[in-house]
Amino acid sequence: MPFATFNGFDTWYEIHGDGPALLLIPGRGLDRTSWQPQLGCYSPHFRTIVYDPRGVGKTRAESGAFGVQDMAADAEALLHSLDIEQAHIAGFSLGGMAAIHLAARKRVQVTSLSLHSTVHRAYPHLRWRQRLSLHILKLDDAELWAQFSAYTAFGAEFINANEAVANAEVERRIKRWQGMDAEAKEGVASQIRAAMTHDADDLLPLIGAPTLVTVGSSDEATRPEYANDLASRIPGARLVTFPGAPHRVSTFAADEFNRVTLDFLLEHRQGSDRERSNLQ
């Protein structure tokens, strides 16, 4: 797959399947492969676009501060570079924050909006976690980073019921951290700083697209009460909580997550099909 050039850097993306466009925005420090558990589910029905955000994976942007609004602008520019004016948008965690801005800007017609394990503002509890993340990142200790990031995302409910799974995830994170160079780690730091200034409270009433908000009951990063608050502020939004699931609900509760989210996407596919026929 090619790079798309916009906003001063090259963004790596992939397209899977055909049909109405569906853009999947990854979370903090995650690349396009974080959506792998969903591709086989979505791509038979949608032209599914995944990409590496700035500073992550194959997308290497120059160092420097950027905000969630810039990440939304990147996603918008990617769609425009592909001549896509209408799309279903789904974002996970930090990607969900960007998706909120993308939907509210209305420079792309959003057929449906899916916000997974995310928040509309930087709660004090989240800023504390993010500050600790930055301090630990500076220490460049792979095991400490992996333990902290996993422990503060999984939650007691999930760890107590799935300790072996949690331990395996810590080992995976250690290996991933050890394989990252200084530029990639700075990209993660920049994303953390972007999340610390996130505030989209005033944007939520502007969202007109059908919206699904999901969260795991054992999500200690973007807690269930945050998801409830988010859904309550978006007109007509639907909230689904996955029992026992942690922050990475799309990975660790993938079967149920895929069923719920695909049902939502297909429910609102008719609007994008109608728009496509009008353009033909």
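## A strand covered on both sides

Both faces of strand E3 are covered: Ala 21, Leu 23 and Ile 25 are buried on one side, and Leu 22 and Leu 24 are buried on the other. In a regular strand, side chains alternate between the two faces of the sheet. Counting along the strand, 5 of the 5 residues of E3 are buried. Please keep in mind as you explore that this is a predicted model.

Where does E3 find its partners? Strand E3 (residues 21–25) runs parallel to strand E5 (residues 86–92), and 4 bridges join the two. Within that pairing, Leu 23 has Ile 89 of E5 as its bridge partner. E3 also runs parallel to E4, again with 4 bridges between the strands. Here the bridge partner of Leu 24 is Val 50 in E4.

## The sheet as a whole

E3 belongs to an open sheet of 8 strands. Reading across the sheet, the order is E1-E2-E4-E3-E5-E6-E7-E8, and the pairing is mixed. Which strands sit at the edges? They are strand E1 (3–6) and strand E8 (238–242), each of which pairs on one side only. From one strand to the next, the twist averages 25°.

Helix H10 lies across E3, E5, strand E6 (109–116), strand E7 (211–216) and E8, and runs at about 160° to E6.

Now for the interior. In soluble globular proteins, nonpolar side chains tend to be buried together. The largest nonpolar core in this model has 49 residues. Leu 23, Ile 49, Leu 78, Ile 89 and Leu 113 have the most contacts inside it. Helix H3 (residues 94–105) gives the most to this core, with 8 residues. A second, separate core of 21 residues includes Leu 22, Trp 35, Ala 90 and Val 240.

Leaving out residues up to four places away in sequence, Leu 23 touches Ile 49, Tyr 51, Ala 75, Leu 78, Leu 79, His 88, Ile 89, Ala 90 and Leu 102.

## A closer look at Asn 258

Is Asn 258 buried or exposed? This residue is found in helix H10 (residues 254–267). Asn 258 counts as buried because its relative accessible area is 11%, and the cut-off for buried is under 20%. Setting aside neighbours within four places in sequence, Asn 258 is in contact with Pro 37, Gln 38 and Cys 41.

## Helices side by side

Next, follow helix H4 (residues 124–139) and its partners. H4 packs with helix H5 (residues 142–161) at an angle of about 165°, and their axes are 9 Å apart. H4 is therefore roughly antiparallel to H5, and their crossing is left-handed. Among the residues that meet here are Leu 132 and Ile 136 in H4 and Trp 145 and Phe 148 in H5.

H4 also packs with helix H7 (residues 182–196), at an angle of about 160° and with axes 10 Å apart. That angle makes H4 roughly antiparallel to H7, and H4 passes H7 in a left-handed crossing. The residues that meet include Arg 131 and Leu 134 in H4 and Val 188 and Ile 192 in H7.

## From H5 to H6

H5 has a further partner in H6: their axes come within 9 Å and cross at roughly 160°. H5 is therefore roughly antiparallel to H6. What is the handedness of the crossing as H5 passes H6? The crossing is right-handed. Among the residues meeting here are Phe 154 and Phe 158 in H5 and Val 170 and Ile 174 in H6.

Helix H6 (residues 163–178) is also the place of Asn 167. Asn 167 and Glu 143 are 24 residues apart in sequence, and their C-alpha atoms are 11 Å apart in space.

Definitions and conventions
Residues are numbered from 1 along each chain as its sequence is written. This is a predicted model: local features need pLDDT of at least 70, side-chain atom pairs count only at pLDDT 80 or more; totals for chains, interfaces and linings use all residues. Side-chain values use heavy atoms; hydrogens and water are left out. Buried means under 20% relative accessible area, exposed over 50%, partly exposed in between (1.4 Å probe, protein chains only). Contact means heavy atoms within 4.5 Å. A nonpolar core is a set of buried Ala, Val, Leu, Ile, Met, Phe, Trp, Tyr and Cys residues joined through side-chain atoms within 4.5 Å. Two strands pair if DSSP finds at least two bridges between them. Axes are lines fitted to C-alpha atoms, for helices over the stretch in contact, and angles run from 0 to 180 degrees between N-to-C directions. Angles under 35 degrees count as roughly parallel, over 145 as roughly antiparallel, 65 to 115 as roughly perpendicular and the rest as oblique. A crossing is left-handed if the near helix is turned anticlockwise from the far one by less than a right angle, and right-handed if clockwise.
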